[in-house]
Amino acid sequence: MSVYRMFKEYGDIAFNVCLAIGVLFIISKIRKVVSTKSIAKYNFIYLYVIILWVYQLVFGMDHIHPKTWTYLLAKTVMLLNIVIAVEEWPEFQFKQFYTRVCYIVTTLLLMGLFLNPWSIDGRLSCGFSNPNQMGSLCAICFAYLLQVEKTQQKIKYKKLLIAILLFGVIMSASRAALGFVVVALLFKYRFSLKLVGVIALTGVILFVVLPRLNIKLLGIDRLMETVQSENLSQGRELQREAAWYMINTHPIEGNGIYCKQAVLPI
C-alpha cells in the first residue's frame, strides 16, 4: 500500500496494524519461535536478527533516526513471522502465497495503466509511486512465474501474466529490473537454443519492428546507453558520491541501522 498512489495515504495505518498483528502472532507462537528445532532449521534468519540488534545496540546508538526502532522491530517481526508461516502452512507458502502476490501486482499494474499511468519524467509508473518500484515488483513476479513448472503449480493465465509483467518491466525503464529479467531467463534456460531463439525474436521486435513503427521504449534506450557507456552507475553519480562520503565519515561504526542519504558538503 505504501508504494501504490491510490492507497499510499493508508500505508502507515496498514503498516502499524500489520506490525501489531505480527507481534501478537509471535507471542501466540512463542514456543515455536524459541524452540531449538526452529533455531537450528532457520539459523540464518536468527543469525541475521541477532546481527541487526547487536550492531544497533553496540555501534548504532550514536546514529538514531526517528524510524530506527520501528525499522528494527519491523525487520525482526517480519523475519520471525516467515519462520512461523513456513512451519505452520508450508503448502500455502510454496503453492499459493507467491501466486496471489503475482495476481495482485498484475491487477494493480493494469489499474494504474488506465487510471494513473505516467510519472514526472515520462517513464510509465502505472499507479505506483515511481517506475523503479513498479519495475522491481514486476521483475520479481516475472522471475517467479518463469521458474514455476506446470507439474508444481497450475497457475491460470500464466503466459498472459508473464507478458503483462514483462510489459511493466520494459515500460518502467528500470535498468535493474531489466537486468533481473535477463538473469531470470539465463537461470531458466541456461545457454540453450531456446534462449537464443527468444533473444533473437525479442531483439527483432525491439530493434527492428518497433522503431519502424516509430515506437521508442525508454527502458531499452536507457539500458543500451548504460552498456555503451560501460558505466553501471550512470545517472547515480550523486548517490555514489554520497555513499563514499558516508563510508569515509564513519568507516568503523557505520551510519546506523536506518539512515538517509547524506547531504554532500559544498
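In which handedness of crossing does helix 7 pass helix 8? Helix 7 passes helix 8 in a left-handed crossing, a term for a near helix turned anticlockwise from the far one by less than a right angle, with clockwise being right-handed. This is a predicted model, in which local features need pLDDT of at least 70 and side-chain atom pairs count only at pLDDT 80 or more, while totals for chains, interfaces and linings use all residues. Residues are numbered from 1 along each chain as its sequence is written, and side-chain values use heavy atoms, leaving out hydrogens and water.

The protein has 12 helices and 0 strands, where helices (H or I, at least four residues) and strands (E, at least two) are DSSP runs numbered from the N terminus. The two packed helices are these:

| Helix | Residues |
|---|---|
| Helix 7 | residues 131-147 |
| Helix 8 | residues 158-172 |

They pack at an angle of about 150°, with their axes 8 Å apart; axes are lines fitted to C-alpha atoms over the stretch in contact, and angles run from 0 to 180 degrees between N-to-C directions. Helix 7 and helix 8 are therefore roughly antiparallel to each other, the term for angles over 145 degrees.

Of the 266 residues in the protein, 33% are buried, that is, under 20% relative accessible area (1.4 Å probe, protein chains only). V58, by contrast, lies in helix 4 and counts as exposed because its relative accessibility is 55%, exposed meaning over 50%.

Notes. Parallel < 35°, antiparallel > 145°, perpendicular 65-115°, else oblique.
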